[in-house]
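Q: I have a new model open and want to learn to read it. Can we go feature by feature?

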Amino acid sequence: MSLLNYTECEFDAGQIEKARDEFQALHAKIAGRSEGYESITSRVGSEFSDLIGDGLKRLATENQAAWGSALLACLHGYGVLDKTLTDTNWYEARIADVKYRLSSAVNAIPSVEQDSYTRVESVRRSFDAEARTLWTKFEERCQETEDTLKDGPTPQRIRQLSEGGHFGDNQQIGYRTTGDINYYVVDEDFNTAVLTVHLFDAVFRGHDGSIDMLKTDPMTLALLENMILRAEQARESGTELSAGELAYLQSVYDVLGRDGRGHEPGFLWFMGEVADSDHIDDELRATIQRRLADGMLVLSDEEVGGGMSRLPEDVRRAAVGPDRIEPSREGDDPGIDVSSYSGWSNDWQDLSEFLTHSDPELQGGTEFSTSLLRTGSDMLLRSTLDGVPPVETFQDVIEVATRNKEANHVILTGEGSDGKNYPVHENHEHLTPARMVENLYTIPWPDEGEAVRGLTDWISADADSDSQEDRDRAGRSASALIEILTTTENEDGDNPFLDTAVGGKDYQPSVAEINPEVLKSLASVYGAYLDDISIDANERGYRAAAGGDDDQDDLHLFHRGGEMALHLPQEEHEKFLQLLLSNEEYSAPIVSLVEHQERRILNAHLDKDTLGDKVGGAGAADLRSAMSNALIAEYMDRHDDVETAREKANQMVQTGYNIVIASTVQSAGSKATPAGIAVETLLRLMEQPVKDYYDDKYEESIGFTYIKDMDEHLLNNPSNIRDHANLQVLQSMWDRGMVDEETLEDKGLLIGHGDERRLPTSTVEWDSAATGYVSRVDTLINEIDPELGDRAATYIQHFQERYEQGAAPEWGGKKKH
């Protein structure tokens, strides 16, 4: 009996070897080779025909696809069994070694103590633990083998088996069998030399042979392109590029940074030569630039085994920015070492030009992308230095860097997805998330913020992801973003996002005005978290909603207790809305979002009879008062005149109402409901200024006119507040089929013509005083369903009470400015 406690492997190595060799015999038979010929492990020529015996060569070559498929199946079976055999022998050998060392250790115990169970057990304990670890590793290897078997003879699996030595010295047998570059096993030295020699000869000397090789030979640019596909496959399968593939990529960039005369001007120097070369045509030039840019993003990507440390030195230097000098006193911003600035500026511009050639769907690694964003945000505003790179270079770099969601998360939060502080280069230690966002948002970009909106565009999509990890990352990013935008103050105590230093107006414009594309992205974030914002919150953050298994349905409109959600206090909600509403050309759809969400809240309140009495009405009132107060605050900031501010705010709400009306009718005539409009539909209205959008799309089919007396009938007194809520309740009952169109018609409550007959969105749409209409609405609600009428009355009561508490006096409320 063994002293070692371990799990025995039940595999029979001899039987495995026999089965493996049967695949080699079958492979030889299909290939037309003699019995006993080791057709898998014996190296032959470089062509498919070299694999085939003379008797079958012509037939097999003419039917290469079918023949190759059969040979590939044998190859796969042989490789899987050889791996199984290798792993089995590895485990048996390691266990034998542990047994030997345990025996030696026990024998070293003094003879008088060898009968002591405690003494022997104390020696055995560490060896038993080592044996358990070996078994765990063996199980992992077996799982890899099982996955390889299940996947079949895919290029990735055949390459892995080849790189593991399971086809002997015949590493390229998969490639020779198929002729498919996807099966090619990269040889760092050979493949680097082939590509770089032809690149140099083509770019610097115009050698026709090298130019032709770059265009046609699969071992040059085509292999580099194939690395992109392999990286994507590795990412999808949760694996990495092989060590050989990564070494090949790294070696290519290192070699291209040497001029062949003993100097190392850097990789970016070579790309400048590619751009200026008279020896290659524009098509080949673009191909070289694209392949090398894509390859560098792959090499930088930690997900596939790359990383920033693998990139050329001049690229890394440009990414982290110029060296810093020590601050003159504690708390000062460290200055720039001017002696290093000029060289950095040139490299930055070259790197920007290089990265613009990359595939827009391809992302770089997190450290590389984060470094580019940090440096870009830091150097963007340092225009007092001579030779500052043009703003377009920052724009181009930011477009590439923001493709990486994790990097965006780091910039907004300072943390990785694991919640830990993300490492910071010493050149960036003075940068905070708030400062970086301010720098990126508060300059007028030539593209109006199209590139920098990538920092947040992904949030709305991931907020609804199937992956909890992605949802959490998006939620934490959204929370950090809104905190930055609503709580940051400059030296004068002003919010730099609402009051930028950009001139050209008689007031300080917001980032929403100077960069409309940023506004559109922020609006998408707001739309994504409207349900979360309905949670009554005193403290900000992305965290679990209150409640648990016993009370999961009575606290929240759209969440269960314990679900992760973005919590936003009312004050910050108002400030965020003020920013979103600060560009008049685009703000009406934001008003429409609020109108839309208010109706959804009402529906949720009526649908969930387990909700607390105050939840629905209070939630809707908070939403509407946030919008009302934001509008008043925005126009007060601009005009310093209450009447003018109120007039402008009223006009904006009118426009929002009109959008809800127009979008509802355009969606499906009288059958559409304001609550049924998708958030995405309302956000699409922000593709261009609202007036232009409707001029282009709806003017002919919808009379898009202002409601003349809206100013007198917005929620500026208790009666109007109740009327507003009552009308929404009736609309909700119609949506549910609790009341039919004929009844509404008989009561004289519908407006519009023909197929577009509908309930008004606002009471002011009736063509005479609303009082008589509203009394009919109230009566009808209670006639249809007294119980629902009671719930509706509760909703209306709490809506009115909360709205009066939270809204500014200009909107019928009591809140102080």
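Q: Among contacts in the protein between residues at least 6 apart in sequence, what percentage join residues at least 24 apart?

A: Contact means heavy atoms within 4.5 Å. Here, 71% of the contacts between residues at least 6 apart join residues at least 24 apart. Before we go on: this is a predicted model, where local features need pLDDT of at least 70 and side-chain atom pairs count only at pLDDT 80 or more, while totals for chains, interfaces and linings use all residues. Residues are numbered from 1 along each chain as its sequence is written, and side-chain values use heavy atoms, with hydrogens and water left out.

Q: How many helices and strands are in the protein?

A: Helices (H or I, at least four residues) and strands (E, at least two) are DSSP runs, numbered from the N terminus. The protein has 34 helices and two strands.

Q: What percentage of the residues count as buried?

A: Buried means under 20% relative accessible area, exposed over 50%, partly exposed in between (1.4 Å probe, protein chains only). Of 817 residues, 52% are buried.

Q: Which residues of helix 9 are buried, and which helices do they pack against?

A: Helix 9 runs over residues 221-237. Its buried residues are Leu 221, Leu 223, Leu 224, Asn 226, Met 227, Ile 228, Arg 230, Ala 231 and Ala 234. They pack against helix 5 (155-163), helix 7 (188-205), helix 8 (208-216), helix 10 (243-256) and helix 12 (282-300). Gly 238 follows helix 9, with a positive phi near 75°.

Q: How is the packing of helix 25 and helix 34 described?

A: Take the angle between axes, which are lines fitted to C-alpha atoms, for helices over the stretch in contact; angles run from 0 to 180 degrees between N-to-C directions. Under 35 degrees is roughly parallel, over 145 roughly antiparallel, 65 to 115 roughly perpendicular, and the rest oblique. Helix 25 (residues 584-607) and helix 34 (residues 786-806) pack at about 135°, axes 10 Å apart. They are therefore oblique to each other. Helix 25 contributes Glu 598, Leu 602, His 605 and Leu 606 to the contact; helix 34 contributes Leu 788, Arg 791, Ala 792, Tyr 795 and Phe 799.

Q: Is Ser 358 buried or exposed?

A: Ser 358 is buried, because its relative accessible area is 4%. The residue lies in the loop between helix 14 (338-355) and helix 15 (366-379). Beyond neighbours within four places in sequence, Ser 358 contacts Arg 290, Ala 293, Asp 294, Leu 297, Val 400 and Arg 403. Arg 290 is 68 residues away along the chain, yet the two C-alpha atoms are separated by 5.4 Å.

Notes
The expected span of a helix is 1.5 Å times one less than its number of residues.
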